[in-house]
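Let's take a walk through this one together, stopping at a few residues and contacts along the way. Have the structure open as you read.

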Amino acid sequence: MKKVELIFVPMPEIGHLVSIVEFAKLLIDHNDRIRVTILSMKWFPDAALDAYTKSLTALPPDGIQLIDLPRVDPPSLAPWKSAESVIDAFIKCYIPLVRNAVRDIVSMKCSSDETRIAGLVLDLFCSPMVDVATDFDLPSYIFITSNAAFVGLMSEFQSSDPEHVIPGLVNPVPTYVLPSAVFSKDEGYAAYVKVAERFKDAKGIIINTFEEVEHYALNCFSNGQNPPVYPVGPVINFNGLSYSDSDDKVMKWLDDQPQSSVVFLCFGSMGSFKAPQVKETALGLEQSGFRFLWSLRVQPPQNDASKMLPEGFLERVQGRGMICRFISHCGWNSILGSLWFGVPIVTWPLYAEQQVNAYKMVKELGLAVEMRLNYRKDSDEVVMADEIEKAVGMVMDGRSEMRKKVKEMGEMARKSVMEGGTSVNSIGKLIEDMIGNN
C-alpha cells in the first residue's frame with residue numbers, strides 16, 4: 001500500500017511547535033504508512049526554538065522531515081499594534097512561500113508511485129493557509145494547541161458587562177479573566193475572530209485535549225455546524241525542553257527529595273517578572289517552609305537574577321530550594337502536563353489565554369488552587385509574599401479534596417490514550433478520515 005504524506009505548518013513558537021511535532025509522532029505511531037513533512041517558518045530570534053529545530057534537523061524522528069523556509073522580513077506595522085495583529089500579518093507574509101513549498105512537494109510526489117499527499121495540518125494561527133490546501137485540491141485540518149473552550153473564545157461571543165457567555169464554558173465568564181486581546185483597540189480580538197472564521201473551511205479541527213476534562217466544551221462544537229472535532233490529547237512532550245548543562249544537577253537534586261515534597265515554579269517560555277515581584281516570590285517561598293525548584297526568568301535589562309533576590313536568600317534556603325533555567329511549555333501545555341502526573345497547580349496567569357485557563361481550572365473544574373485569575377504580564381501589581389506562602393501551603397496539602405480530584409483526572413487522562421480510550425478512538429477516526437483505507 002502507498003505511503004501517505006501530511007504537510008504540517010506550525011507557528012514558530014516553542015509551545016506550538018513542540019505540540020505539533022509530538023502530534024506528528026503520535027499519528028505515525030498509530031499508522032506506519034503516515035509520513036510527515038514540517039514546513040518551518042522563521043520568527044523573531046529565539047534560542048530555545050532554534051535549538052529545538054536544529055535537534056529535529058540533526059536527528060529527525062522516524063517518518064518526519066523538516067524543511068526550513070526562507071526568513072521573511074517582519075511586517076511593517078505601527079509599534080502600537082497588538083501582538084495578535086503582528087502574528088496575523090506575519091502568517092500572511094509566509095503564504096506565498098508555503099504555497100511554493102507545497103507545490104514542490106506535490107510535484108515531487110506526483111511522479112512517485114509510493115507516496116500520495118493526503119492534506120495539510122495547520123496551526124490555528126495559520127488558518128488563512130486553508131486556501132493553499134484548496135489550491136492543490138487537498139483537505140486541511142486545524143490543530144489547536146490550546147483547549148476546546150478557547151475555540152469558543154476565538155469566535156464572537158455574547159457580551160453583557162460584567163459577564164460573557166462563551167461557547168464551551170458552562171458559566172458566564174467575568175470580564176476580568178478575558179485575554180488582553182479582547183480589550184485591544186488595535187485589532188487584537190479582531191485578529192482572533194478572523195483566524196477562527198477560517199476553521200469552518202477546514203475538513204476537521206484537531207484539539208490537544210481529552211473528552212473527560214472537556215466533555216461540555218466538545219459537545220458544544222459537535223453540533224453539525226462545524227467540521228468534525230477530534231480531541232487527541234493529552235499530547236505531551238515527555239523529554240523536556242531544557243538545553244542547560246546544569247540539567248543533571250537539577251535532576252539529581254530532585255531525586256534526593258522525598259516524594260511529592262517539591263513545589264515547581266515555572267511561568268512558561270515568555271514568563272518573566274520585575275525585581276519587586278521576584279523579591280516577594282522569594283520571600284513567600286522562604287516563609288512557606290516547603291522545598292522548591294524555581295525556573296526564574298527576569299525581564300530585560302536585568303540579566304542577573306541573583307541580584308534581584310533578597311539579601312541572604314540563597315544561603316537561607318540552601319538544601320531545600322534550587323533556582324534553574326528550564327524552558328517550559330506555557331498555558332494549556334503545562335496544565336495538561338500537571339493533570340497527566342496528577343500534580344495540582346496554583347494559578348498565576350500572565351499572557352495569551354491563560355486567564356481563561358485559570359478560570360476554567362478553578363471555577364469550572366475545581367482542579368487548581370486560586371491565587372490569581374486575572375494577573376497580566378504587563379501589570380504593575382505585585383503579589384505579596386504572604387499570599388504566595390498561603391497558596392503554596394494549600395497546593396501542598398496532601399489531604400485536600402482538590403488534590404484527590406487532580407489525581408483522578410490524571411488517571412482519566414492516561415486511560416484516554418490507552419487502547420480503547422476516548423482519544424485513541426478519536427485519533428483512529430481522524431486517520432480514517434485523512435487517509436481512508438486506500
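Start with Asp-50, which counts as partly exposed at 36% relative accessibility. Keep in mind as you look around that this is a predicted model. Asp-50 sits in helix α2.

While you're at α2, have a look at how it packs. Helix α2 covers residues 47-58, and it packs with helix α1 (residues 14-30) at an angle of about 25°, the axes being 10 Å apart. That angle makes α1 roughly parallel to α2, since anything under 35 degrees counts that way. As for handedness, α1 passes α2 in a left-handed crossing.

Now for the charged side chains. Side chains of opposite charge can pair when their charged atoms come close. How many salt bridges does a search of the whole structure find? The search turns up 17. Let's go through a few of them.

Take Glu-214 and Lys-360, whose side chains meet in a salt bridge with an N to O distance of 3.0 Å. Glu-214 is in the loop between β9 (204-207) and α8 (215-221), while Lys-360 belongs to helix α13 (residues 354-364), so this pair ties together parts that are 146 residues apart in sequence. Are the two partners buried or exposed? Glu-214 is buried, at a relative accessible area of 1%, and Lys-360 is buried too, at 4%. Both calls follow because buried means under 20% relative accessible area.

Another bridge joins Asp-380 and Lys-274, with the closest N and O atoms 3.4 Å apart. Asp-380 comes from the loop between β15 (368-370) and α14 (385-395), and Lys-274 from the loop between β11 (262-265) and α10 (275-288), so the pair ties together parts that are 106 residues apart in sequence. Asp-380 counts as exposed at 66% relative accessibility, whereas Lys-274, at 40%, counts as partly exposed.

Salt bridges can also be linked up here: Asp-88, Lys-92 and Lys-194 form a network of them.

Val-392 counts as buried, at 7% relative accessibility. For another distance check, pick Ser-306: it is 86 residues from Val-392 along the chain, and the C-alpha atoms of the two are separated by 22 Å.

Which residues make up the nonpolar surface patch of about 320 Å²? They are Phe-238, Phe-341 and Val-343. Zoom in on Phe-341, which is found in the loop between α12 (332-340) and β14 (345-347). Phe-341 is exposed, with a relative accessible area of 51%.

Notes:
Residues are numbered from 1 along each chain as its sequence is written. This is a predicted model: local features need pLDDT of at least 70, side-chain atom pairs count only at pLDDT 80 or more; totals for chains, interfaces and linings use all residues. Side-chain values use heavy atoms; hydrogens and water are left out. Patches are made of residues with over 30% relative accessible area and no salt bridge: like charges are joined within 9 Å, nonpolar side chains (Val, Leu, Ile, Met, Phe, Trp, Tyr) within 5 Å. Accessible areas come from the Shrake-Rupley method with a 1.4 Å probe; for residues, only the protein chains shown count as cover. A salt bridge is a side-chain nitrogen of Lys or Arg within 4 Å of a carboxyl oxygen of Asp or Glu. Helices (H or I, at least four residues) and strands (E, at least two) are DSSP runs, numbered from the N terminus. Buried means under 20% relative accessible area, exposed over 50%, partly exposed in between (1.4 Å probe, protein chains only). Axes are lines fitted to C-alpha atoms, for helices over the stretch in contact, and angles run from 0 to 180 degrees between N-to-C directions. Angles under 35 degrees count as roughly parallel, over 145 as roughly antiparallel, 65 to 115 as roughly perpendicular and the rest as oblique. A crossing is left-handed if the near helix is turned anticlockwise from the far one by less than a right angle, and right-handed if clockwise.
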